[in-house]
Amino acid sequence: MHYTKHFFLSIILMVISLCLKAQEINENLLEAIQENNLAKVQEYVTKGADVNFRDENNASVLLWASYKMDLPAVKFLIGKGAKILSEDGFIWLNDKKDGYYGGLLATAAAENKLDLLRYFVEEHKLSVNSKE
């Protein structure tokens with residue numbers, strides 16, 4: 001009985017440790033995207049980071065990549081399984097929280113990333129009439 005208790009406690013601690021490591025690598029992926037570091041993004045995805053991870057405002061890594069990176073990074077994430085969602089979270093643009101991005105098309109347009117905008121509309125059929 002005593003060994004069984006220790007065994008289950010060990011299993012629980014191992015699961016908690018794995019969850020914390022998964023959270024850490026996902027946060028590292030988000031940080032690499034925010035730093036516009038494609039090599040690091042690729043490294044973390046190869047190590048198992050979740051390409052559909054969302055931050056505390058429910059913004060996906062794909063939304064962040066649309067804001068901070070460029071078309072090759074976005075294509076890489078989509079190629080690795082990042083989902084293009086009609087509804088996404090939001091990214092505050094400043095500490096005052098008086099401006100935000102909340103959609104892939106609006107982000108690409110506002111950042112003047114016409115190649116990214118064209119890619120979403122032509123390749124993924126995102127509607128230009130969608131609301132942020």
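This is a predicted model: local features need pLDDT of at least 70, side-chain atom pairs count only at pLDDT 80 or more; totals for chains, interfaces and linings use all residues.
Begin with the core by selecting Leu29, Ile33, Val41, Val74, Leu77 and Phe120, which, of the 34 residues in the largest nonpolar core, touch the most other members. In soluble globular proteins, nonpolar side chains tend to be buried together.

Stay with Phe120 and show its surroundings: leaving aside residues up to four places away in sequence, Phe120 touches Ser66, Val74, Ile78, Ile84, Leu104, Leu105, Lys125 and Leu126.

Next, select α2, whose buried residues are Val41, Tyr44 and Val45. These residues lie on the same side of α2, because they cover an arc of only 100° around the axis. Turn the view to the face of α2 that points away from its buried side, and you will find the exposed residues Ala39 and Thr46. Following α2 comes Gly48, which has a positive phi, near 110°.

Finally, move to the second largest pocket, which has a volume of about 150 Å³. Select Leu30, Gln34, Asp55, Glu56 and Trp64, which are the closest to its centre of the 11 residues that line this pocket. Which element gives the most to the lining of the second largest pocket? It is α1, with 4 residues, while α1 (2-34) and β1 (91-92) each supply at least two. Coloured by type, the lining of the second largest pocket divides into 5 nonpolar, 3 polar and 3 charged residues.

Notes
Residues are numbered from 1 along each chain as its sequence is written. Side-chain values use heavy atoms; hydrogens and water are left out. On a 1 Å grid over the protein atoms alone, a cavity is a set of points where a 1.4 Å probe fits but cannot get out, and a pocket is an open set with protein on both sides within 12 Å along at least five of seven lines; lining residues have an atom within 4 Å of a point. Grid points are joined across faces, edges and corners, and a volume is the space filled by probe spheres set on the points. Ala, Val, Leu, Ile, Met, Phe, Trp, Tyr, Cys and Pro count as nonpolar, Asp, Glu, Lys and Arg as charged, and the others, Gly among them, as polar. A nonpolar core is a set of buried Ala, Val, Leu, Ile, Met, Phe, Trp, Tyr and Cys residues joined through side-chain atoms within 4.5 Å. Buried means under 20% relative accessible area, exposed over 50%, partly exposed in between (1.4 Å probe, protein chains only). Contact means heavy atoms within 4.5 Å. The arc is that of the directions from the helix axis to the C-beta atoms.
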